[in-house]
Amino acid sequence: MPRVDLIIFGGGIAGLWTLSEASRRGYRCLLLEAFELGSGQTIASQGIIHGGLKYTLQGMLTGSAQRIREMPLIWKNCLSGEQRPDLSQTEIRSNCCYLWRTDSLSSRLGMFGAKMGLHVVPKKLAKEETPEVLANCPGSIAIMDEQVISPQSLIVNLADSFQDQIIKYEPKDLSFTWNQNEHITSVQIQKPNGEFFSIKTAAVLLTAGSGNETLRNQARQQSSPFQIPFMQKRPLHMAMVRGALPQFNGHCVDGAKTRITITSDTNSLGNTVWQLGGQVAEIGVDMNRGELIRHAARELAASVPGIDLSELEWNTYRVDRAEGATKTGVRPETAQVLKEGNLFTAWPSKLALAPRLATEVCDHLQQINVPPAQDDTSWKEVLSTLPRPQVALPPWETAEDWVRLDRLSALDGAA
């Protein structure tokens, strides 16, 4: 029976970054993924390495901004190959984001607040520096060093470095064993040939997003008699538009809100695809598909005056942001790790906070006296015959029934 120091459930950015960091520190780590690597929140994200801008729009340095403002430098060093994990094979969509406002008093105040207390701050552009797509915008336009990456490329880059430590498992075949102190001692999965396979472990980490709830129920020997919420979900309904569009990444600010966030990529057909987040995606939760497309088109036309939407095709997708529960249900200000014996349940809260979460998990391993095994690699050989998961496709590659605005009537009433 192989023995490891940490078994990680969930192959998104949180699980993979922790796998890298804990392995770097000498821990024997195994990652188990039930579906596809990155499926769920990571592959659905816009790939922006936030530096805290959106959390200062109300004119003050919030806790969220303070905790995230150090992250861009860590990511930048990793993306350049100067720091581990080495992310130099990750596709960088853009090294910067544009920031512009709609022509309103609240927007002007929001742009002022965005400059407070951050290491990544907006730099106002001269008229001749303005990108063509924003040429008709009436307000000021700035640029800031927020990198935008391809989430799929990121997952591939991280997974390639640890292929012999990532295993695919079937959720229905998963089980745990515990000792008299209710600490998890081993995890059982099933091989393709039907034989059950047991792996001893010193600790277990859950980083499966929305799947953390089911996994935590399985991993705890006794359920709590009190139904205290430990996780919350904040849903998004994202819009996508594809066609003859430029590569562009940026935020349109309206007061204390990010009215619309645009990120772009190229699909397998060679078309540019824009993902539309920000307030568009939050308001869109209560809209059906057709309603959101109409709303997103209006917001895009208002935010990017003069853009031609007539030949573009539209689609939407839904995703839940899973987070540790807060008393008021608002977004947590930083990454969260819930510790129960040798079971950790974790949420990074934002893509950019994955390095902070990984460091916290490793600190917790030290606190429960799990020593790194250093150079012991014999356990990897035993796992060599187990299946490996694939990497998830981005949402625009799996979405069906793209539609133009002049044909939206067919979608009326669709979810």
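Predicted model: local features only at pLDDT ≥ 70, side-chain atom pairs only at ≥ 80, totals over all residues.
1. Stepping back to the whole sheet, we find an open arrangement of 6 strands, ordered S9-S3-S2-S13-S20-S19, with mixed pairing. Its edges are strand S9 (166-168) and strand S19 (336-340), each of which pairs on one side only. On average, neighbouring strands here are turned by 20° against each other, direction ignored.

2. Two helices are worth a look against this sheet. Helix H7 (residues 212-219) lies across S2 (6-9), S13 (204-206), S19 and S20 (343-347), and runs at about 175° to S20. Helix H10 (residues 354-367) also lies across S2, S13, S19 and S20, running at about 20° to S19.

3. Ala346 is a handy landmark in strand S20. Is Ala346 buried or exposed? Its relative accessibility is 1%, and because buried means under 20%, Ala346 counts as buried. Beyond residues up to four places away in sequence, Ala346 touches Leu205, Leu206, Thr207, Asn212, Gln336, Val337 and Leu357. Gly324 is 22 residues from Ala346 in sequence, yet their C-alpha atoms are 7.5 Å apart in space.

4. From helix H10, I would pick out His364. With a relative accessible area of 16%, His364 is buried, because the cut-off is under 20%. Setting aside neighbours within four places in sequence, His364 is in contact with Val337, Lys339 and Phe344.

5. Now to the interior. In soluble globular proteins, nonpolar side chains tend to be buried together. The largest nonpolar core here has 41 residues, and Leu6 and Trp75 touch the most other members. At least two residues of this core come from each of S2, helix H1 (13-24), S3, helix H4 (71-79), helix H6 (151-160), S20 and H10.

6. Which residues is Trp75 in contact with, leaving aside its neighbours within four places in sequence? They are Ile13, Trp17, Ile49, Leu87, Gln147, Ile149, Leu154, Leu351, Ala352 and Pro355. Apart from the core that includes Trp75, there is another core of 30 residues, among them Trp100, Cys137, Val241 and Leu245.

Terms used
Residues numbered from 1 in each chain as written. Heavy atoms only, no water. Pairing = 2+ DSSP bridges. Helix = DSSP H or I, 4+ residues; strand = E, 2+ residues; numbered from the N terminus. Axes fitted to C-alpha atoms, helices over the stretch in contact; angles between N-to-C directions. Contact = heavy atoms within 4.5 Å. Core = buried A, V, L, I, M, F, W, Y, C linked by side-chain atoms within 4.5 Å. Buried < 20%, exposed > 50% of the residue type's maximum accessible area, 1.4 Å probe, protein only.
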